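Me: I have a structure open and would like to talk it through. Could we begin with one of the helices and then move on to the domains?

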Amino acid sequence: MASFIIEGGCRLNGEITPQGAKNEALQIICAVLLTPEEVIIENIPDILDVNNLISLLGDMGVTTKRINENTWSFKADNVDLAYLESPEFLKKSASLRGSVMIIGPLVTRFGKALLPKPGGDKIGRRRLDTHFEGIQKLGAEFNYDSDQQIYFITADKLKGAYMLLDEASVTGTANIIMAAVLAEGETTIYNAACEPYLQQLCKMLNRMGAKITGIASNLIRIEGVESLGGTTHRILPDMIEIGSFIGMAAMTSSEITIKNVAYDELGIIPDTFRRLGITLERRGDDIHIPRHKDYTIDTFIDGSILTIADAPWPGLTPDLISVLLVVATQAQGSVLIHQKMFESRLFFVDKLIDMGAQIILCDPHRATVIGTGRRSMRATTMTSPDIRAGIALLIAAMCAEGKSTIHNIDQIDRGYQNIDVRLNQLGANIMRMD
């Protein structure tokens, strides 16, 4: 199990460019299964989850070619459906949460898909009902083998339907959209997710010949087409990494510039950090964070304690809750952090308390951070439970006095490309131990 050894107290300085968005990449790469023609994808992040998905598609018979560091070519003109029943496929796809999004493309184009119960972060229950119920309404049949824990999905020909999703699931909406683009007739999806990454998927599919309207809203209509062609697509910068860098700069009293952030796609993220007292300067499409000697958490208009909560887009993404929580520990003032969408993402808080943070964990969903200004945090040894908590613990370790160790950094590698190398170039002192 690989580890990071972090020397705290180092200030960062310079420029850093965010990687391509992981959450968008997983959707976009699955979409290449919808056409036998070549699809070129630019700005793909070189991270474990994405690389594992590319490897899985290659094993399925998709021709994959790396054009340069972050650009790949895909051609799904010879997909091996028999491979889906192999033990190797079942093992690989079970370990990758993003593999659930191959169902829609496979069923709509080939009439068949298999999916073992998928893995991913251990952040609580993440049900697949929205995926399955939506694709079932298009005419697919689902059967679950409880002994093997495998879903078998079949369909003769999907047909458009009206559906009101029980939750605005991002991956569920993406899966249903990919299934519907080749279905007969019109599909209407109400209470659809509308994140920028989902908008990107829809725009790419339309360039391939799909007929999708209502993009960026929660009411999406899709007129099915006979086939899709190839295209070239560029992935947006990762908003979660951008938010992580903002928090990192404030926590370590550093001055950095985050380059090419696609600012207009960040929604309320910049303003949420401003409510924690952090100054952000927009410079074209860059964000400059000046050095913060201190920062003060805002209150509500009536003077009551601020609450920050996640919500479906255009609300605050849940993937930044861990970062915002750790940033608040060095602020002046108090804030209630409410993680509504996952029930186990705050269970890393005990590590921050061990480091000296003033936090009350109210329940699995809520934590109150009592900020007393700049407060020396103690170095410690900890284990990363998931990607987002892992980056929050890394930020805390960079702020602490002395050397901290973080084990299980494979979790961090799943979401952040060469994070130690990139931060060391700005002045951090992070050593990787394999």
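Me: Why is helix 10 described as largely enclosed by the rest of the structure?
Reply: This is a predicted model. Helix 10 covers residues 321-328, and eight of its eight residues are buried, so the rest of the structure largely encloses it.

Me: Which residues of helix 10 are the buried ones?
Reply: They are Ile321, Ser322, Val323, Leu324, Leu325, Val326, Val327 and Ala328.

Me: Now Ser244, please. Where is it?
Reply: Ser244 lies in helix 8, which spans residues 239-251.

Me: Is Ser244 buried or exposed, and why?
Reply: Ser244 counts as buried because its relative accessibility is 0%, and the cut-off for buried is under 20%.

Me: What does the side chain of Ser244 reach?
Reply: It reaches the backbone oxygen of Ile240, at 2.8 Å.

Me: And which residues is Ser244 in contact with, leaving aside its neighbours within four places in sequence?
Reply: Those contacts are Leu320, Val323, Ile391, Ile395 and Tyr416. Val323 is also among the buried residues of helix 10.

Me: Let us change topic. How is the protein chain divided into domains?
Reply: There are two parts: domain 1 takes in 3-19 and 237-433, while domain 2 takes in 22-234. Their contact draws 22 residues from domain 1 and 22 residues from domain 2.

Me: What separates the centres of the two domains?
Reply: Taken over C-alpha atoms, the centres of domain 1 and domain 2 are 31 Å apart.

Me: How much area do domain 1 and domain 2 bury between them?
Reply: About 2,000 Å² is buried between domain 1 and domain 2, with 48% of it on carbon and sulfur atoms. On the side of domain 1, Trp313, Arg414 and Gln417 supply 34% of the area buried against domain 2, more than any other three residues.

Me: How many salt bridges cross that interface?
Reply: The rule finds one salt bridge between domain 1 and domain 2. Asp49 forms a salt bridge with Arg414, where the closest N and O atoms are 2.9 Å apart.

Me: Which elements give two or more residues to the side of domain 1 that touches domain 2?
Reply: Those elements are helix 12 (387-399) and helix 13 (410-413). Helix 13 gives the most, with three residues.

Me: What is that side of domain 1 made of, by class?
Reply: The side of domain 1 that touches domain 2 has seven nonpolar, five polar and 10 charged residues.

Notes: Residues are numbered from 1 along each chain as its sequence is written. This is a predicted model: local features need pLDDT of at least 70, side-chain atom pairs count only at pLDDT 80 or more; totals for chains, interfaces and linings use all residues. Side-chain values use heavy atoms; hydrogens and water are left out. Domain bounds come from an automatic or database domain assignment. Contact means heavy atoms within 4.5 Å. Buried area is the accessible area (1.4 Å probe) that two parts lose on being put together, summed over both. A salt bridge is a side-chain nitrogen of Lys or Arg within 4 Å of a carboxyl oxygen of Asp or Glu. Helices (H or I, at least four residues) and strands (E, at least two) are DSSP runs, numbered from the N terminus. Ala, Val, Leu, Ile, Met, Phe, Trp, Tyr, Cys and Pro count as nonpolar, Asp, Glu, Lys and Arg as charged, and the others, Gly among them, as polar. Buried means under 20% relative accessible area, exposed over 50%, partly exposed in between (1.4 Å probe, protein chains only). A polar contact is a pair of N or O atoms within 3.5 Å; within protein, one must be able to donate a hydrogen and the other to accept it, and residues adjacent in sequence count only if both atoms are side-chain atoms.
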